[in-house]
Amino acid sequence: MKERRILLVIGGGIAAYKCLDLVRRLRDEEMRVRAVMTRAAAEFVTPLSVAALTGEKVFTELFDLDDEHEIGHIRLSREADLLIVAPATADLLAKMAGGHANDLASTLLMATDKPVLAAPAMNPRMWLNPATQRNVAQLEADGVHFVGPNTGEMAERDEAGPGRLAEVPEIIAAAKTILAERRSVTPLRTGRPLAGRHILVTSGPTHEPIDPVRYIANRSSGKQGHAIAAAAAALGARVTLVTGPVTLPDPPQARVIRVETAEEMLRAVQQSLPADVAVFAAAVADWRAAAAPSEKIKKSGATRALELVENPDILAAVGKEPAQRPPLVIGFAAETGDVVAYAAKKRKAKGADWMVANDVSPQSGVLGGDSNTVHLVTANGVEDWPPMSKQDVAERLMLRAAEHLRRSTAAAE
Ligand code: CTP
């Protein structure tokens, strides 16, 4: 990350003090940081301490004409590789979404031609306010990247919920992903063909409790589902990722909903509709324990039977749902033999448009591994894709989805 230049726009909120640590950590990554502070931000941290950490002049509302001659706002916003807005307050987000340019921070954000990463932080009510949510959806459609907010305790007493500034390592990880993507940018990616679309992805395994300490699980790592969420976001989509327990980092630009069981996953998926595309990459446990006692089950020396009942089929519930069915429903078929035939059967049975069929037999190394050999099964037949990384499968699948949506929109017009 050598020589990457960050323009940090510090908004006026209680979380502004965390920017001091953010600056330090960005500099540890050998990034050059210039900071701009709103008038309100200077009430929370002093420009002097920010300047001490960046080692650069800090630009505030109060900068005078001499500074303007020294470095104009256009140059300031474009000499960076990435703009980070942290904390992105409700007011700053509203200004950005509305295209206002009435102070230095909003002017820079309007004038830039560089990617922007916003790390919102505000009171949970303000975050959940429809106006803020509208502004965030607009900014996502415009290509602004988001990290956080996280859920938890707020600075105000007795206030908890979504609105905490993402942790500094999360902001750094999101920044690095965006900077890395910009390097390998392809014309299709810059075209953001999924802008304005909502893509819903399920990923990971589910855990089904047997008692408070034991559960039924499977070997899914979530790598393929998470890669799809990341690829969709990189192509401009607003992404909701509903994931079972995984050890992977969140894809930076996705809204992540963490669940444990199949039933929780179904609820989260239904609450996240409508979507333009739903991709079911989760390895949902087919069964759950018929009863999961609240006390730990004790050994008794005798054989013990575990009664299992079938879990709801999430893909089928959405694929066959006439009211909220997304225009494109994609399922995965994990098979250990007769891969394509089983996938074609599942496509019809579950009401999916496409099935991505893959061989998950132990010798394939797919489960937990980094690459995948898939077959795309659609109503028109089967396409065999060459072996490729899970990232490439994800990007290719999302580009196909973008093309499919473009054609259906064009046909409808
Ligand atoms: N799926 C789902 N909900 C379930 C089971 C599966 O949404 N309860 C989805 C998976 O996310 C995947 C597709 O259905 O997109 C097929 O999953 P797979 O495990 O291959 O199929 P199953 O229906 O579980 O069939 P089987 O295990 O009997 O092969």
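The legends below describe close-up views of a predicted model of one protein chain.

Because the model is predicted, local features need pLDDT of at least 70 and side-chain atom pairs count only at pLDDT 80 or more, whereas totals for chains, interfaces and linings use all residues. Residues are numbered from 1 along each chain as its sequence is written.

**Figure 1. Overall fold of the protein chain, with 16 helices and 22 strands.** Helices (H or I, at least four residues) and strands (E, at least two) are DSSP runs, numbered from the N terminus. The radius of gyration, taken over C-alpha atoms, is 24 Å, close to the 22 Å that the globule rule gives for 413 residues, so the chain is as compact as a globular protein of that length. The globule rule is 2.2 Å times the number of residues to the power 0.38. Along its principal axes the C-alpha trace spans about 80 × 55 × 40 Å. Of the 413 residues, 45% count as buried; a residue is buried if 20 or more other C-beta atoms lie within 10 Å of its own, exposed if 12 or fewer, and partly exposed in between, with C-beta atoms placed from the backbone.

**Figure 2. The open sheet of six strands.** The strand order is E3-E2-E1-E4-E5-E6, and the pairing is parallel; two strands pair if DSSP finds at least two bridges between them. Strand E3 (59-60) and E6 are the edge strands, each pairing on one side only. Strand E4 (residues 82-88) and strand E5 (residues 116-120) run parallel and are joined by four bridges. Within this pair, Ile 84 stands opposite Leu 117 in E5.

**Figure 3. The shell of 16 residues around the ligand.** The closest are Phe 280, Val 284, Ile 314, Leu 315 and Gly 331. Helix H14 (314-319), strand E17 (328-335) and helix H15 (339-350) give two or more residues to the shell, and its largest share, four residues, comes from E17. The shell divides into nine nonpolar, three polar and four charged residues. Ala, Val, Leu, Ile, Met, Phe, Trp, Tyr, Cys and Pro count as nonpolar, Asp, Glu, Lys and Arg as charged, and the others, Gly among them, as polar.

**Figure 4. Backbone geometry at two cis peptide bonds and two positive phi values.** Most residues other than glycine have a negative phi, and most peptide bonds are trans. The bond from Ala 86 to Pro 87 is cis, with omega near -10 degrees, and Pro 87 lies in strand E4. The bond from Gly 148 to Pro 149 is also cis, with omega near 5 degrees; Pro 149 lies in the loop between E6 and strand E7 (150-153). Glu 30, in the loop between helix H1 (18-28) and strand E2 (32-37), has phi near 60 degrees. Glu 30 is exposed, with 10 other C-beta atoms within 10 Å. Asp 338, in the loop between E17 and H15, has phi near 50 degrees.

Technical notes: A residue is near a molecule or strand if its C-beta atom, placed from the backbone, lies within 6 Å of it.
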